[in-house]
Amino acid sequence: MFTDQERMILGVIVVVYFLLLIGFSYYINHHKIKNYEDYNVAGRSVSMFPLILTFVGTAVGGSILLGFMENAYRFGMGQHWLNISILITGIITASFLVKRIRLIGEKHQMVTLGDFTALRYGEGARLPTVISVLLAYCAVTGMQFVAIATILNLTIGLSMTTGIIISWVLLTIKTFFGGLKSVVWQDAIHGTVQTLGVFLLFVVVLWVGSDWGEMKSFAASLGDSGALSVTSISTSEVLVYFFTIGGYQFVRQDLWQRFWAAKDYKTALSGYWIAIIIAFLIGAAIISTGAFLKYGLQMTEINPNLVYYEAIGAVFNFPMVVIMVIALMATVISCADSFFMAGSSSIINDIIKPRIKHASEKKMLRYSRYSVIAVSIISVLLALYMPELVVLWVIGTAMLVSGLLAPSVFGLFWKGATKAGGISAMWIGLSIAVIWQLAGHPFGIHPVFIGLPLSTLTLIIVSLASKHNEAEKEDIWSQVN
């Protein structure tokens, strides 16, 4: 795809880019991070512009840019339902959840989902929450290692295994130093670069192969006459996306942390509304680019796994290819370090912190960084074991949704949800989903369609059968309604 000279240039740029990011994180570490909250929730002081872009940066990562484009190239415009699922749940979150999440978190100085479930259902809820969060976030962090490894494979010819290990090391060092405060400010840069890059590629691909009638004729000649329609997807596949990738939006720890990291409620809500619109438009451009590349530019003989790289090579000269590689790096990194922080926050906040009641800020910072390393090790093992981007994402989110969606949403809105009901629902949903996944999806049923309904039923039945402490309930809900 690239000449030896071009590979060398791209390789140098990738290395320099990473070194600059590590240097920035090191600077933030020494000058901006003073305590535990600076590291894990950016000091709860993030303003509108960086908040919008960090929302966008975490929403659009390697799995969306590379995975969505690949799926659209393979299966057509029906893949827009992946993006629509995220939009619908984003609108629901903004309309109904953000206020309660923000006010409860602000009142109780929350850092993780475990803080919420522990407040709502007791300290026994932390463990299943941590397990659910780590299963999801280690999977999606591993995806970013795969995405970067693919870049390194194409730019400097490294094997995928070597690339995964190198990306693991570099991203771990960067996140280890900077924490969420560094992530948020880097996302302000990454979010801008990735947004401009995605739309530039979409516009150029559309311009080069923009004759819709010709595209439809070519698709028909390949036997893909329905590929340019958004209905070219099965109902079952839409439901899987909605209840995994879509449902995941309700219980994304990185999202809740940003609601708490915003300087105030108004900033959190407005920033999120703007971000979900931008992220939807980016996703639509990515999916359309994948389909237009195949049927507009008539590029039918390329490796679907490399569709992004083939696209930029087909429509840009080499200097622009360099810029688009940087845009891809920005997209991947903006997600990877956010997921790092979400997973590592669960370890430090929900496993370590409750067991060391009087630790100094210095010690808590040190343990926070150790937690980043722990998450990175789990993530790289997953990346090496299962390098398929969207598959890995769907599996990880299915575990999180099955274990936490019902307890979290019911916990926000239903005062009758009890400790016994919440904890039972977490364990049942998580355990069944994991077992169903390991069993290879018996009867062709996805784990989320077993774990989530059983978790929901368990929560309702056990809650109705058990007593609730009215005094505790009043304390949780005061100042929220």
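**Salt bridges and helix packing in a predicted model**

Me: Which residue does Lys174 form a salt bridge with?
Reply: Lys174 pairs with Asp337, and the closest N and O atoms are 2.6 Å apart. A salt bridge here is a side-chain nitrogen of Lys or Arg within 4 Å of a carboxyl oxygen of Asp or Glu. The model is predicted: local features need pLDDT of at least 70, side-chain atom pairs count only at pLDDT 80 or more, and totals for chains, interfaces and linings use all residues. Residues are numbered from 1 along each chain as its sequence is written, and side-chain values use heavy atoms, with hydrogens and water left out.

Me: Where do Lys174 and Asp337 lie?
Reply: Lys174 is in helix H8 and Asp337 in helix H14, so the pair ties together parts that are 163 residues apart in sequence. Helices (H or I, at least four residues) are DSSP runs, numbered from the N terminus.

Me: And Lys174, buried or exposed?
Reply: Lys174 is buried, at a relative accessible area of 1%. Buried means under 20% relative accessible area, exposed over 50%, and partly exposed in between (1.4 Å probe, protein chains only).

Me: How many salt bridges are there in the whole structure?
Reply: The search finds 10. Among them, Arg252 pairs with Asp254, with the closest N and O atoms 2.5 Å apart, and both of these residues are buried. Another joins Arg126 to Glu123 at 2.7 Å between the closest N and O atoms; Arg126 is buried, with a relative accessible area of 11%.

Me: Which residues are linked with Arg126 in a network?
Reply: Asp115, Glu123 and Asp350 are linked with Arg126 in a network of salt bridges. Asp115 is one of the buried residues of H6.

Me: How many residues of helix H6 are buried?
Reply: H6 (residues 113–121) is mostly covered, with 8 of its 9 residues buried. Just after H6, Gly122 takes a positive phi of about 95°.

Me: Changing topic: at what angle do H7 and H14 pack?
Reply: Helix H7 (residues 126–156) and helix H14 (residues 318–352) pack at about 155°, and their axes are 9 Å apart. Axes are lines fitted to C-alpha atoms, for helices over the stretch in contact, and angles run from 0 to 180 degrees between N-to-C directions. H7 and H14 are therefore roughly antiparallel, a class that covers angles over 145 degrees.

Me: Where is Gly78 found?
Reply: Gly78 is in the loop between helix H4 (62–75) and helix H5 (80–108). Gly78 counts as buried, at 0% relative accessibility.

Methods: Helix = DSSP H or I, 4+ residues; strand = E, 2+ residues; numbered from the N terminus. Parallel < 35°, antiparallel > 145°, perpendicular 65-115°, else oblique.
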